[in-house]
Amino acid sequence: MTEKSIEDINERIEDGSVRVVTADRMSEIVSELGAEEAAKEVDVVTTGTFGPMCSSGVFLNFGHADPPIKMQRVLLNDVEAYAGIAAVDAYLGAAQLSEDKELNYGGGYVIEDLVAGKPIEMKATGYVTDCYPRKDLETTITLEDLNQAIMVNPRNAYQRYAAAANSTDRTLYTYMGTLLPNYRNVNYSGAGALSPLYNDPDFETIGVGTRIFLCGARGYVVGRGTQHDPANRFGTLMVTGDLKAMDPGFLRGATFYGYGVTLFVGIGIPIPILNERMAKKTAIRDADIVTEVIDYGVSRRERPVLKKVTYEELKSGMIELEGKEVPTSPLSSFFMANKVAAELKREIEHDKFFLSPQVERLPTDTVAKPMKQPELPLVKDVMIRDVKTIGDSASIAEAAKLIMESQSTHIPVLSSDGKLAGMITAWDISTAVAKRHEELAEIMTKKVITASLDEPLELVIRKMERSNISALPVIDDARRVIGMVSSDEISKLIGKRKKWQWKLRI
Amino acid sequence: MKLLLKYPLPLDEMPYTAEVILETGAKINIDLATRGELIVDVPGDDVEHVAELFREKGVEVRRLMKLIAWDEKRCIHCGACISVCPTKVFTFDPSWNINLEEEKCIRCEICVKACPLSALACIE
Ligand code: SF4
Ligand code: SF4
């Protein structure tokens with residue numbers, strides 16, 4: 001049995017005899033030599049990941065102005081940084097959007113520009129006190145001018161990510177990238193077998209105080225990340241590092257179209273091979289890592305799982321989904337993840353990057369809970385149940401009569417088996433008359449947007465806004481019409497129930 | 001309008017472009033010149049005539065509507081462009097570098113939105 005300590009390994013780093021391999025090579029080594037021999041031969045396995053990590057940001061200290069100001073609101077290149085911490089400190093979050101360029105610029109880009117040494121326009125306003133007499137200031141700063149710029153990322157290095165597909169018939173722009181309609185592509189994230197937390201899934205070596213590679217600088221694990229959910233293999237880390245020591249090649253501001261701004265962060269974590277057990281764990285292969293393909297076409301927190309896949313399948317570029325071959329895209333860069341792991345290996349071998357023992361182990365049994373929310377209003381709470389319908393063999397004149405008598409502007413059209421076949425509106429009737437149509441089936445809308453009983457009202461309102469319609473039929477699983485929701489009814493009911501108003505932002 | 005000119009091989013160093021400028025009096029700008037290939041910008045009214053003259057000299061002429069332009073320095077090889085492209089313009093090489101086969105591009109511009117680094121653009 002091999003048992004090494006971190007000190008043993010650090011002595012080897014000191015005298016230059018340390019043996020380091022990148023995580024992608026470890027499975028080969030273990031299958032060739034066996035775990036026992038591999039643990040003797042290898043001292044450190046380096047991991048790496050380079051992916052979009054929205055939950056990132058920097059604490060900045062600007063130094064005091066003259067006359068002094070207590071900053072309440074700070075803009076850096078028109079991106080707001082949170083200034084509710086003392087007088088001249090601020091926290092700039094990667095996902096914060098620019099006030100004027102919106103999705104095209106934001107916190108992630110400011111961080112990249114700072115590291116690249118570019119000048120940043122700064123504007124600040126404050127309130128006047130006896131010790132802070134100044135109201136506002138404008139200046140230009142660079143990274144050098146700051147006292148401190150400390151990256152603190154509350155949630156990085158997710159153990160695994162779900163893959164994303166889209167069942168709807170329109171393209172979705174998400175934090176999982178562009179998802180083409182009808183399952184035409186699958187996007188996934190994470191570095192697979194090179195991923196830091198997959199090589200130490202039980203947090204035996206990675207813990208509070210672990211020295212890591214963070215965007216080219218030496219950083220540290222602060223502790224568990226937010227939403228840390230190791231019980232479900234969704235562990236996360238909170239990490240920190242000195243922005244001033246970072247390399248612009250290992251971090252990048254980016255925009256997911258239609259979603260927002262983020263920061264690509266390069267993280268590498270060294271795993272000390274203390275024993276046979278760690279050799280075995282770091283021998284993980286892409287084929288061993290399973291994740292789920294999730295349907296992002298469903299706008300709920302619990303999205304349906306379409307299938308389970310391995311990273312090996314995802315990385316092959318094609319997976320099978322609903323009987324079709326579908327192309328896959330990673331969103332994090334394997335090329336850069338390899339570069340991170342290789343650079344960390346080089347620093348351990350040649351640059352005296354010493355390993356640090358955990359000060360404390362991370363929790364291994366916590367779970368991430370959903371948000372505590374008051375109950376959402378659902379379609380069934382506001383729908384009209386007494387709906388007038390018409391058969392698809394009726395004439396336009398009959399439909400016109402029904403619209404007039406029932407005072408409703410939208411009438412569902414049913415086929416002979418009682419299922420929803422289309423919708424007819426007062427507007428359809430007037431254009432039909434102008435164009436001299438006679439058959440109802442000719443003029444009705446056949447591609448009907450529908451709602452279901454248990455759908456949250458908020459989603460239905462979004463459907464209405466997107467398609468520019470004011471009412472839609474509620475149907476059951478057999479496409480029978482069981483009600484209608486209309487924007488008029490929604491606003492009437494919302495008027496009565498005050499507590500819903502803020503939630504629906506109407 | 002931009003034209004892609006492919007000179008006949010072997011290159012015989014004939015000053016075709018200069019000749020065409022003299023013969024037509026058209027204001028032709030050279031946008032890009034590599035060995036054997038040229039991208040030129042020609043005023044709309046002269047395009048027909050200019051293209052004709054080049055063809056007569058044995059030069060292959062292609063009209064460029066839009067080109068997919070890739071900013072290699074900005075690209076981080078994330079691969080977000082791969083799965084959205086209908087004609088498989090993008091592929092990974094064995095070391096996970098992105099490769100482009102531009103000639104397959106049908107200029108649908110889907111990848112332009114999909115690239116998180118704004119490293120892709122359709123240029124006129
Ligand atoms: S999506 Fe953009 S950054 Fe990513 S590989 Fe394609 S071109 Fe490069
Ligand atoms: S424009 Fe369309 S066809 Fe051309 S590379 Fe982009 S996605 Fe592919």
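This is a predicted model: local features need pLDDT of at least 70, side-chain atom pairs count only at pLDDT 80 or more; totals for chains, interfaces and linings use all residues.
Residues are numbered from 1 along each chain as its sequence is written, chains are lettered from A and ligands numbered from 1 in written order, and side-chain values use heavy atoms, leaving out hydrogens and water.

**Stop 1: chains A and B.** Select the contact (heavy atoms within 4.5 Å): you'll get 30 residues from chain A and 22 residues from chain B. Color Arg252(A), Tyr257(A) and Phe335(A), which supply 26% of the area that chain A buries against chain B (buried area is the accessible area, with a 1.4 Å probe, that two parts lose on being put together, summed over both).

Now pick Arg74(B) and Glu112(A): they form a salt bridge, with the closest N and O atoms 2.8 Å apart. That term means a side-chain nitrogen of Lys or Arg within 4 Å of a carboxyl oxygen of Asp or Glu.

**Stop 2: ligand 1.** Show the 13 residues around ligand 1, each with a heavy atom within 4 Å of it. Cys75(B), Cys78(B), Gly79(B), Cys81(B) and Cys115(B) come nearest.

**Stop 3: a sheet in chain A.** Select strands (DSSP E runs of at least two residues, numbered from the N terminus) E27, E28 and E29 of chain A, an open sheet in that order with mixed pairing; strands pair if DSSP finds at least two bridges between them. Strands E27 (390–391) and E29 (420–425) of chain A each have a single partner strand, so one side of each is left without a neighbour in the sheet. Finish at Gly391(A), whose bridge partner in E28(A) is Leu414(A).

Notes. Helices (H or I, at least four residues) and strands (E, at least two) are DSSP runs, numbered from the N terminus.
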